[in-house]
Amino acid sequence: MNNPEFSISRRSFIKVTAAAGGGLLLGFSSANAAASISGLNEALSFNPFILISPDGSITIYSPNPEVGQGVKTAMPMIVAEELDADWSKVKVEQAPLDGKKYQRQVAGGSGSLKASWATLRQAGATVRMMMLAAAAQKWQVSVDSLRTENSQVLGNNQKASYAELASEAVKQAVPTKVILKKPSEFRLLGKSIANVDNKDIFTGKAIYGIDIKKPGMKYAVVARPPGFGQIPDKINDAAAKAIPGVFGVYPFDDKIAVVAVDTWTALKARKALDVSWIQKTPPENTAQHDKWLTDLLTQKPAKAFRADGDAETAFSQVDKIIEASFSCPFLPHNAMEPMNFFADVKEGSAELIGPSQTPQRSQTKVAEILGLPVEAVTVQMTRMGGGFGRRLSSDFAEEAAKISRLAKSPVKVQWTREDDMAGGVYRPACKYTYRAAIDKNGDFLGFHVRGAGLNVGNPTRENNFPAGAIQHLLIEGHNKESNVTTGPWRAPVHNFVAFAEQCFLDEVAFDLKKDPIDFRMNLLDKAASNPVGKLDYDVNRFKKTMQLVRTVSGWDKKKEGVFMGFSAYFSFSSYVAMVAEVVLENNKPVIRKVYCAADCGIIVNRSGAENQIVGGIIDGLGHAQFGNIDIKDGKSQQSNFDTYRMIKINESFPVEVHFVENEIDPTGLGEPALPPAAAAVANAFFAATGNRIYNQPFTEAKKNLG
Amino acid sequence: MAAITLNVNGKKRKLDIDPEMPLLWALRDSVGLTGTKYGCGIGQCGACTVLVEGEPMRSCALPVSVFDGKKIVTIEGLSESGDHPVQQAWQEVDVPQCGYCQAGQIMTTVALLDKNPSPSDADIDVALAGNICRCGTYNRIRKAVHIAAQKAR
């Protein structure tokens, strides 16, 4: 057998064509090189997603950053499905950041599958059709007599592998009309496929940003303001610089970088820095934040985000008003991999490598900072040890570029857990008042939400159910500026609005003596038959999801000693409904089990989808029960896992997941299961104890339950 | 600096190293084994768990000097080809999401099963309560521990 040598640098020509509709770049190249086992001279790139190598293997490039949401498995599965590739032999690689070849290379908004579904299918189907055309030409038969399966074209008692056909296939005209499979023809999608990086993860070979090591690389840590609103005043770096292995100390922005031979030396030197910090803006504290937000809840006018009918008049005329207020604290992201980034800034160019949910933003920002054209800055995506919204920012990448420029060296900047947890970019602290106007017939006539949050922008999700079903509705809010920095946190705003809303609807249903599911179903029927204003959600999909969880949880059967709570929520284009079961142990409510039904359209990877839902629910309950950041004298009182409580395995609980099976284009699941989880449990706690929980974390309220 | 010999995954590594450097950073920066992860630096999250003479230990908080001559096993040294029963079980259940904490979860499980070949749910809770996973993969971890126990028997 010949050695399958090939050279990708010796390209004789490259053809670029735009495929119909998808805007795909289609190119291939060839070179004079030794013959290979497949007859290919070199790897053929059919399009930015598909590469066929001389050894016959098919590589599929996954375009989006992998943050734990599973796209590195799911996105290539979609390509492989339409390509009819043999998944067991497909290699998956992270694609480079390239805005010309790929769209929306972002891990955020649960949007990867939804945004790229059509493109990924087309990428696979286009190449499949070219394979068919090549085989038809070779065997002098019609394409219609041929079919594809497991990376092969079959028919007419003949078969050929894609690898064998590749060199002829790339010469075929790019089909102007791509035939996609019917969902009923899917062989791979909907199955449980294991994460493509599992083996590397289980053997310690998976490379996260924190694991990057490059020749000549130095290690940097940064002394950051210990409190919000602080800047350095006097810096004495003599002791730090005296430590062997320290290369330099570089003040920049409101921080000081220490660059050393390894992480530990950098950390030691940072400790040896003598810095006095001064307050640039007044130090804040949680009690003050509480007062600001409480005052704002009574302040009119607020900014109206949605107004249907005349809520003010409706509330002034009804017999009964049900009212409840809710509050949530700042939350850190606590991705298990603390922030980090590698940068190598040279004259006229910069190379960055690291974990980023928005690599393109990092590229643009770094180019801006360095005064370089965007093309001169490369950003390589690494697998991420979680993001949860924190890695949507680019501050850590910008910081690495600045330090590399100052140190004139490639550097990896490492944040400690304390830097990460105490440094802000928190889920905004918010308060809400929910009100329902009930007329004398017991009808839900008016709905009013007023929110207030710190650096939250719009604290509401104004188009949420029951909007559309209520005649008189006002959703309004206040934003208050704070020097505590905030940012998006898994299912931004939804993550607490869902709790407040779904607990409140439970309270209204209870007051009206209606079954909580029937109560919502009736409102949905109203929204369908007589919609008020814009409807964001699909009534039938919402109802089906609720009905499914009602059935699988045995909601209508009384279980001895088991108390149930319900919630249902639509976010990021997916529908989720839950029933939580609670039992009393020593008179305290304990979560026994959560049932979840979800409609995310076509299920791409069943294992991945289930994992996201279960994880979202456990993560949601962890933060709802225990998560809290207190600010005192401008400083976070929690800075590591000794003072910040995360949910543990012994506090986890069984979760049973069911999907609404349909043939609707898929939507994401990285976020949608988290928002409604805490409400289902709080509503079950109420069923068990008669006490409602209005505030997060639950830890304080739970002491009084039972 | 001090001359310290680490016995990692059956190989002796002679290091001229700050004896106060935590084992974690010695493994990652000096030995070049990055499978052991940094999560908190204070022994509270379990991401840095390695086996020392068969015992699970948090490598982030103890100085490298303590480990001179001790037998250390990291995730990279668990098996030749990634087929340790715990690794197999993790694959079968498809445990990870982001995967970052899993090296620590796996090493802790290996130590648990070594002492207790048929752990109950309560035993698993005790052994793994110090390993944080923000993705919330605990239910799959529990399932995988039971499967690994069966495989190892």
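The points that follow concern helices in chains A and B of a predicted model.

1. In chain B, helix H3 (residues 102-115) and helix H5 (residues 138-152) have axes that come within 11 Å and cross at roughly 40 degrees. That angle makes H3(B) oblique to H5(B). The crossing of H3(B) past H5(B) is right-handed.

2. The contact between these two helices of chain B involves B:Gln102, B:Gln105, B:Thr109, B:Leu112 and B:Leu113 on the H3(B) side. On the H5(B) side, the residues they meet are B:Ile141, B:Val145, B:Ala148 and B:Ala149. By class, the contact of H3(B) with H5(B) comprises 6 nonpolar and 3 polar residues, with no charged ones.

3. In chain A, helix H12 (residues 494-511) packs against helix H13 (residues 516-529) at an angle of about 100 degrees, and their axes are 9 Å apart. Angles of 65 to 115 degrees count as roughly perpendicular, and H12(A) and H13(A) are therefore roughly perpendicular to each other.

4. From H12(A), the residues A:Gln502, A:Leu505, A:Asp506, A:Val508 and A:Ala509 meet A:Pro516, A:Phe519 and A:Arg520 of H13(A). This contact of H12(A) with H13(A) divides into 5 nonpolar, 1 polar and 2 charged residues.

5. Helix H3 of chain A (residues 162-169) has buried residues at A:Tyr162, A:Ala163, A:Leu165, A:Ala166 and A:Ala169. Viewed down the axis of H3(A), the buried residues fall within an arc of 155 degrees, so they line one face of the helix.

Definitions and conventions. Residues are numbered from 1 along each chain as its sequence is written. Chains are lettered from A and ligands numbered from 1 in the order in which they are written. This is a predicted model: local features need pLDDT of at least 70, side-chain atom pairs count only at pLDDT 80 or more; totals for chains, interfaces and linings use all residues. Side-chain values use heavy atoms; hydrogens and water are left out. Axes are lines fitted to C-alpha atoms, for helices over the stretch in contact, and angles run from 0 to 180 degrees between N-to-C directions. Helices (H or I, at least four residues) and strands (E, at least two) are DSSP runs, numbered from the N terminus. Angles under 35 degrees count as roughly parallel, over 145 as roughly antiparallel, 65 to 115 as roughly perpendicular and the rest as oblique. A crossing is left-handed if the near helix is turned anticlockwise from the far one by less than a right angle, and right-handed if clockwise. Contact means heavy atoms within 4.5 Å. Ala, Val, Leu, Ile, Met, Phe, Trp, Tyr, Cys and Pro count as nonpolar, Asp, Glu, Lys and Arg as charged, and the others, Gly among them, as polar. Buried means under 20% relative accessible area, exposed over 50%, partly exposed in between (1.4 Å probe, protein chains only). The arc is that of the directions from the helix axis to the C-beta atoms.
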